[in-house]
Amino acid sequence: MSELTAPAFSKPVHLLNMVDDIEIIHLERVDECCGFGGTFCVAEEAVSVKIRKDRVADHILHGAEYITDVDMSCLMHMEGLLHRDKSTLKVIHIAEILNGGIQ
Amino acid sequence: MKVIHRAERAKVFNEDEKRVDWHDETLWFVRHKRDIATHGILEWGQLREAGSQIKNHTLSNLNQYLQDFEKNAIANVAVIHWAADAKEHNDIVLELLKKNQITDMVKSKSMLKEKCHLNPFLEKNGIGVIDSDLGERIVQLAGESPSHIVLPCIHKKKEEIGELFHIHLGTPKGNADPQLLTEAARQSLRDTFLTRRAALTGVNFAVAETGEFVVCTNEGNADMGAHLADIHIASMGIEKLIPKRKHLGIFLRLLTRSATGQPITTYSSHFAKPATGKELHIILVDNGRTRQLSRPDFRNSLKCIRCSACFNTCPVYLRSGGHSYESVISGPIGSILSPNWDMKEHADLPFASSLCGSCSNVCPVKIDIHEQL
């Protein structure tokens, strides 16, 4: 959490770093919200859409190929925009990556 | 009557996407400065914890500390007034001005006075009010309300301020040079400072042990007003107390790092005794605070020191602007405080959050903002 001064440690990143051929992209805003927020995206559609747009744009700007997360709803929210824009940027749940090597 | 909800006002704000981006980036820059300032000191976590605990303790013993403050302030020859609500507060101010036959006064920034709608009340009663904080002066000239508690005119571009100053202060048309505009405001305010006999200020912290209070500004406008006027009227919410002077260092270190990323405000001025021949009045205002204190789920919100860090990090605030909240205190903390004042009028504010929790993590006094929302 970028707001706190405790030493940064991300469990998902730690796990992802154990997977071969993954490069973690650093974003302009390390951990800003995707704008979903459950009923928030219904109650405050315009703002929710704008937050999402900015979040996705940050990934595109830094050349990400995949957006991954532990939270399904964040991913679904961002995927909606990517689909609509026919973007080549894909979303993938972290479990899909971590299980990817298992036959 | 059609009720216009916050979400609709935010939608209108989003019709001009370039402006949204500009608003977002301007305030994110402040959040970024805040990050640099807080990561720059090792003990940030300890300071937050200490600040939170001192506020918790003070709120739990508010009755005692208020009485201590009153006793010590009276010993300093300050005059203490108690106001249960906005009306009582405004009446006290008006009465003091009338008693001294004062028709014009200068006021530095105070969210409490905004909340009490003091300016319109005084103007209706024939008192001229000039706001001396530059940002507040700008919104006052524009006939608007502040959109941010620390940066009141952050929604305005410098070109718009140039136009406003051209109309009201006679600066050259089309000139938006910040230096020129600031100088024009300075010259115009200088006259105000020299001629007003009454100065109103807010209070950032009041020390129960000594009966003194501290006003933090970057412009020195509260000092200039208070020192030149015959009467200084300071209004404070009863939750502004801290027990001892030694606690002040914690809050001064927390406040401005959180607000603007500065190590400390340019002016952190202590007021205790009136100068010879002058008067110092302190109005202690409840206006819903004891009600909030009685609500276990929301009492934490009274720890707020009005730094606005939660505004500058909130993805919703950044992309909807302060005016969309239609409340004196907007942003995440305003979405908790405002419904306390009027539950119906501000019923939609708590929905203006994606509950991401960034507000709680930046909060210098550890208010669990997103949990309360």
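Q: How many residue pairs are in polar contact between chain B and chain A?

A: A polar contact is a pair of N or O atoms within 3.5 Å; within protein, one must be able to donate a hydrogen and the other to accept it, and residues adjacent in sequence count only if both atoms are side-chain atoms. Here the count is 11 residue pairs, both at pLDDT 80 or more. This is a predicted model: local features need pLDDT of at least 70, side-chain atom pairs count only at pLDDT 80 or more, and totals for chains, interfaces and linings use all residues. Residues are numbered from 1 along each chain as its sequence is written, and side-chain values use heavy atoms, with hydrogens and water left out.

Q: How many salt bridges link chain B and chain A?

A: A salt bridge puts a side-chain nitrogen of Lys or Arg within 4 Å of a carboxyl oxygen of Asp or Glu. The count is 8. One of them pairs A:E32 with B:R319, the closest N and O atoms being 3.1 Å apart.

Q: What area do chain B and chain A bury between them?

A: Buried area is the accessible area (1.4 Å probe) that two parts lose on being put together, summed over both. Here that is about 2,100 Å², with 55% on carbon and sulfur atoms. B:W28, B:R319 and B:N361 supply 27% of the area that chain B buries against chain A, more than any other three residues.

Q: How many residues does each chain give to the contact?

A: Contact means heavy atoms within 4.5 Å. Chain B gives 33 residues and chain A gives 18.

How values were computed. Chains are lettered from A and ligands numbered from 1 in the order in which they are written.
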